[in-house]
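Trainee: I should like to work through this structure step by step. May we begin by looking at it together?

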Amino acid sequence: MKQRLAKLTNLQQRVVAAVAGVPFILFMIWYADWTFALLFCLVSALTQREFYRLLGLDGFEPLTAYGTVVGTMICVLAYFIETDQMGTGNYFLICPASSMIFLIKLYKKKDMKPFTNIGFTFLGIIYVAMPFALLIILALQGGKFHPMIITGCLLLLWASDIGAYFAGTKFGRRKLFERVSPKKSWEGSIGGAAAAALVALGLTFWAPELRPWQWYCVGGIIVVTGTYGDLVESLFKRSIAIKDSGSSIPGHGGFLDRFDGLLLAAPFIITFLKLFA
């Protein structure tokens, strides 16, 4: 299967990934709140593990297994607490679980840079797991499940990515941030913004969960922070001299490549909606 996919162009691989992955993602989001949470917990764990693996390629030794467990625990707690199956006080379980990172590293005799690796372990939790936990909280705010909010955010992100890909490929001339990502262009960013604006317009008619001006603002947040999220991940990959974070998703690379924009967008989206709902 991988050999067949390898013979396809990047665009063809992206189409295959979309046809196979998008229906599954939408089904998991819409079937029930627990399937939605399960999907995001799984994606969070896979993305966080991939992040730690890349650090290992650069000679660092984060607590891959334990850090991923803590990150997944945060997502699980977010689901059970926001669905009122556990009290909000259980969020404090994150504190001792995170503090154990210091104790575990204390007994790692062969670790020559323990505090550097402690810092990278926490970075994996903050950079990867917490944004997914915030998205779970966003979907379950007010004690009700709002799958359309998450679906809308994903549609806006996908539209931005697709618009940027085609506009950048066709018209890309002026480099957006050449030092970090030589292929990204201003023309691509404008194309991504235009595509996201069209989707936001559609959401104002089909998704009454948010008011029209909120959908436009969320779209703007996703375009800006999604672009920066991609640049941040490109900076990370450039620092360890690799092209893709993995090969799990055809045409996209790894999970970190696919969800990098969402990781930076999630904190801004939930903050905006909590303040201006």
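Trainee: Into which domains is the protein divided?
Mentor: Please bear in mind that this is a predicted model. Between the two parts, the centres lie 23 Å apart, taken over C-alpha atoms. Their contact takes 22 residues from domain 1 and 25 residues from domain 2. The division is into domain 1 (32-145) and domain 2 (147-276).

Trainee: How many cavities of 30 Å³ or more does the structure hold, and what is the volume of the largest cavity?
Mentor: A cavity is a space where a 1.4 Å probe fits but cannot get out. The structure holds one such cavity of 30 Å³ or more. The volume of the largest cavity is about 60 Å³.

Trainee: Which residues line the largest cavity, and are they nonpolar, polar or charged?
Mentor: The lining consists of Ile25, Leu39, Phe40, Val43, Phe132, Leu154, Phe259 and Leu262. H3 and helix H10 (255-276) are the elements that give two or more residues to this lining.

Trainee: Which element gives the most to the lining of the largest cavity?
Mentor: The contribution of this element amounts to three residues. The element that gives the most is H3.

Trainee: What distance does H3 reach from its first C-alpha to its last?
Mentor: H3 has 25 residues, and at 1.5 Å a residue the expected value is 36 Å. Just after H3, Gly59 takes a positive phi of about 95°. From first C-alpha to last, H3 reaches a distance close to the expected one, namely 36 Å.

Trainee: How far apart are the end C-alpha atoms of helix H4?
Mentor: Helix H4 covers residues 64-82, and its 19 residues should span 27 Å at 1.5 Å a residue. H4 is followed by Asp84, whose phi is positive, near 65°.

Trainee: Which helices are included in what covers the buried residues of H4?
Mentor: Buried here means under 20% relative accessible area. The buried residues of H4 are Gly67, Thr68, Val70, Gly71, Ile74, Cys75, Leu77, Ala78, Tyr79 and Ile81. What covers them includes helix H3 (33-57), helix H5 (94-106) and helix H6 (114-139).

Notes
Residues are numbered from 1 along each chain as its sequence is written. This is a predicted model: local features need pLDDT of at least 70, side-chain atom pairs count only at pLDDT 80 or more; totals for chains, interfaces and linings use all residues. Side-chain values use heavy atoms; hydrogens and water are left out. Helices (H or I, at least four residues) and strands (E, at least two) are DSSP runs, numbered from the N terminus. The expected span of a helix is 1.5 Å times one less than its number of residues. Buried means under 20% relative accessible area, exposed over 50%, partly exposed in between (1.4 Å probe, protein chains only). Contact means heavy atoms within 4.5 Å. On a 1 Å grid over the protein atoms alone, a cavity is a set of points where a 1.4 Å probe fits but cannot get out, and a pocket is an open set with protein on both sides within 12 Å along at least five of seven lines; lining residues have an atom within 4 Å of a point. Grid points are joined across faces, edges and corners, and a volume is the space filled by probe spheres set on the points. Domain bounds come from an automatic or database domain assignment.
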